[in-house]
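Dear colleague,

I am passing on the structure that we talked about, and my notes on it follow below. Please keep it open while you read.

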Amino acid sequence: MYPVTTIHHVGDYVGQTVTLRGWLYNKRSSGKIQFLQLRDGTGVIQCVAVKNEVGEEIFEKCSKLTQESSLIVHGVVRQDERAAGGYEITVLDVEPVGESVDYPITLKEHGVDFLLDHRHLWIRTPRQRAILKVRAEIMRAMADFLDSREFTRVDPPILTPSSAEGTTELFHIKYFDEDAYLTQSGQMYMEAAAMALGKVYSMGPTFRAEKSKTRRHLIEFWMIEPEMAFYTHEDNVKLQEEFISYVVQHVLSHCESELKTIGRDISKLESVKPPFPRLTYDDAIAWLQKQGHDIQWGDDFGAPHETELAEQFDRPVFIEKYPTNIKAFYMQPDPNRPEVVLCADLLAPEGYGEIIGGSERIHDYDLLKQRFEEHNLPEESYGWYLELRKYGSVPHSGFGIGLERTVAWICGLEHVREANPFPRMLYRLYP
Ligand code: NSS
């Protein structure tokens, strides 16, 4: 019996015999030597079996191993500068575990539809593994940052009686004899929770029945939604830039090998530090007009506008104070200019578009009630939310950050679909 370890930890066992358990990623052979590329979820390592050393029988077992068959390898850890991870295994014995016949994903190029049909297998490849690792590390960093600032994680419901962002784009389901919808945002519940716990955040899946087929849209995506009692718009923006900078710097220092596997140009991330540039919506419209865009005050930005605005900067940029009538009903008007609201969207660089939407919320009962009427929102669904303004209402602010868009930006992915383990897209519900 040898110590069982993982590829990530083989460096602790140089010169010793260890046991590794995993899958055969790839194999090369040159007659008397076989080079087995073993992967185990923590990395990939080359295991070398030499016929003269292991004998006929073990060598034969190695030669029968096929791509993605599972196996246990016993061997000696060698330090080797030429090896990808710096180590190699000299095989003493192998134990095949599960066979793999005609594995569909070969090491040649495949089309993206084929890969998405085989997403359950595609996630085994080093690039996809690296992306999932970075995603997990981003979630950890987000939670660490907020926990260290004494936020409390609160989980809003997935099944809701009404919408938080608007009345369209909802997934309708039957809830016994009632109508229910999959949550679009946990915000309203987080506002209630902020009045109970001060500073809170949620982290979970949200759903939007958006008929958009772009590289930035998923039907099911994860959102992290902090909400803070007594925070102004200014406090909110400051928190966001510190939050994003922390997450990016954390990934740079904890995911070096993953970013390398993905091929990310990390020089593009190193500059992500506070303060972030800030443009008002007015400035952004004026700038776009100067660039020759046919856009008027009161229009919302499209993806090309966002890309061009963000391209001017080496870090994310806030666009703040949008017109009241193109933003959600719950946003607090600017006291000096009620035609705009105290909100900010954060646009990521390099064309990744909006990653955060946030605002100060209306805390005045009468104004919120008026907004409900203007937007034809039924009081039976929203009464509880309005009631929060009746019992010790305070100014408060919050934001929502889309996890997949953040992962796509930090990893430099072409499309958000690779940022989710099993993406739900307009025409894809499989696997
Ligand atoms: O609609 S948002 O702009 N804002 C909200 O839902 C607020 N209720 C959040 C809050 O203040 N608590 O969405 C927030 C973010 C947005 O910036 C994107 O990064 C992401 O959620 N988002 C999406 N990601 C992927 N796919 C889709 N369809 C999508 N929609 C929004």
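Helices (H or I, at least four residues) and strands (E, at least two) are DSSP runs, and they are numbered from the N terminus. This is a predicted model, in which local features need pLDDT of at least 70 and side-chain atom pairs count only at pLDDT 80 or more, while totals for chains, interfaces and linings use all residues. Residues are numbered from 1 along each chain as its sequence is written, and side-chain values use heavy atoms, with hydrogens and water left out.

**Domains**

The domain assignment, which is automatic or taken from a database, gives domain 1 (7-98) and domain 2 (119-419). Their C-alpha centres lie 45 Å apart, and the contact between them (heavy atoms within 4.5 Å) takes 8 residues from domain 1 and 4 residues from domain 2.

**The second largest pocket**

A pocket is an open set of points on a 1 Å grid over the protein atoms alone, where a 1.4 Å probe fits and protein lies on both sides within 12 Å along at least five of seven lines; lining residues have an atom within 4 Å of a point. Which residues lie nearest the centre of the second largest pocket? They are T42, G43, V44, R129 and S257, out of 36 residues that line this pocket. At least two lining residues come from each of β2 (33-39), β3 (44-50), β5 (87-98), α5 (126-148) and α8 (256-262), and α5 gives the most, with 7 residues. Domain 1 and domain 2 each supply at least three residues of the lining.

**A buried threonine**

T183 is found in the loop between β9 (178-182) and α6 (187-197). T183 counts as buried (under 20% relative accessible area) because its relative accessibility is 3%. Leaving aside residues up to four places away in sequence, T183 touches P157, I158, T160, P205, T206 and F207.

**Backbone features**

Most residues other than glycine have a negative phi, and most peptide bonds are trans. In this model, however, a cis peptide bond joins P274 and P275, with omega about -5°, and another cis peptide bond joins Y430 and P431, with omega about 0°. P275 is found in the loop between α9 (267-270) and β12 (278-280), whereas P431 is in the segment after α14 (403-411). Phi is positive in D102, near 55°, and also in F230, near 70°. D102 is exposed (over 50% relative accessible area), at 70%, and F230 is exposed as well, at 61%.

With best wishes

Terms used:
Buried < 20%, exposed > 50% of the residue type's maximum accessible area, 1.4 Å probe, protein only.
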